[in-house]
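Here is a short report on pockets, salt bridges and a surface patch. Please look over the model first.

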Amino acid sequence: MEKNRYEVLTASETLVMKCIWDSTSDVSLADIYEMVNSQYHKEWKYQTVSTFLAKIVQKGFIRARREGHRVVYEILITEEEYKAQQARQFVNFWNKGSAGQFLTAFFKLDKITKAEIEELRKTIDELDN
């Protein structure tokens with residue numbers, strides 16, 4: 001099994017990181033505090049969010065940067081990079097690295113629409129070029 005390129009985020013760190021990834025610019029603790037509590041219906045305190053941010057910085061996903069009197073967080077690992085690594089790890093673990101086995105398992109219970117099939121074909125064709 002391939003070694004993780006990135007450290008794994010906990011569920012709470014993932015919520016915080018998702019808020020950062022969804023932002024259109026660098027964000028502050030106050031911004032993240034507001035987003036995580038409103039979007040994910042949490043009742044976290046500033047200190048809780050600050051602790052998660054410190055751990056995410058330590059894991060190398062973001063960098064803290066001072067802008068005047070406030071600290072903003074800058075993305076170092078994109079959401080796409082992390083999702084790709086997590087997806088590959090999942091497929092390797094559960095489907096012995098076979099994307100075909102993964103898709104079969106994924107669509108076994110829920111039928112796939114013709115539009116989804118066409119989208120998959122298009123994506124596979126683009127990967128082949």
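Is Lys 18 buried, exposed or partly exposed? Lys 18 counts as partly exposed, at 27% relative accessibility. Buried means under 20% relative accessible area, exposed over 50%, and partly exposed in between (1.4 Å probe, protein chains only).

This is a predicted model: local features need pLDDT of at least 70, side-chain atom pairs count only at pLDDT 80 or more, and totals for chains, interfaces and linings use all residues. Residues are numbered from 1 along each chain as its sequence is written, and side-chain values use heavy atoms, with hydrogens and water left out.

**Salt bridges**

A salt bridge puts a side-chain nitrogen of Lys or Arg within 4 Å of a carboxyl oxygen of Asp or Glu. The count by this rule is 11. Three of them are listed here.

| Pair | N to O distance |
|---|---|
| Glu 79 and Lys 18 | 2.8 Å |
| Arg 70 and Asp 31 | 3.8 Å |
| Lys 83 and Glu 80 | 3.1 Å |

Glu 79 lies in helix α4 and Lys 18 in helix α1, so their bridge ties together parts 61 residues apart in sequence. Helices (H or I, at least four residues) and strands (E, at least two) are DSSP runs, numbered from the N terminus. Glu 79 is buried, at 18% relative accessible area.

Lys 83 and Glu 80 are 3 residues apart in helix α4, about one helical turn. Lys 83 is partly exposed at 43%, while Glu 80 is exposed at 52%. Elsewhere, bridges with shared partners join Asp 26, Asp 31, Arg 63, Arg 65, Glu 67, Arg 70 and Glu 74 into one network.

**Pockets**

On a 1 Å grid over the protein atoms alone, a pocket is an open set of points where a 1.4 Å probe fits, with protein on both sides within 12 Å along at least five of seven lines; lining residues have an atom within 4 Å of a point.

The largest pocket has a volume of about 430 Å³. Among its 14 lining residues, Arg 88, Val 91, Ala 99, Phe 102 and Leu 103 are the closest to its centre. Its lining holds 12 nonpolar residues, 1 polar and 1 charged.

The second largest pocket holds about 150 Å³. Its lining includes Lys 18, Glu 79 and Lys 83. Helix α4 gives the most to this lining, with 4 residues.

**Surface patch**

Phe 90, Phe 93 and Trp 94 form a nonpolar surface patch, with about 390 Å² of accessible area together. Phe 90 is found in helix α4 (residues 79-95), and is partly exposed at 42%.

How values were computed: Patch = residues over 30% accessible without salt bridge, like charges linked within 9 Å, V, L, I, M, F, W, Y side chains within 5 Å. Areas by Shrake-Rupley, 256 points an atom, 1.4 Å probe, with all protein chains shown as cover. Points joined across faces, edges and corners; volume = space filled by probe spheres on them. Nonpolar A, V, L, I, M, F, W, Y, C, P; charged D, E, K, R; others polar.
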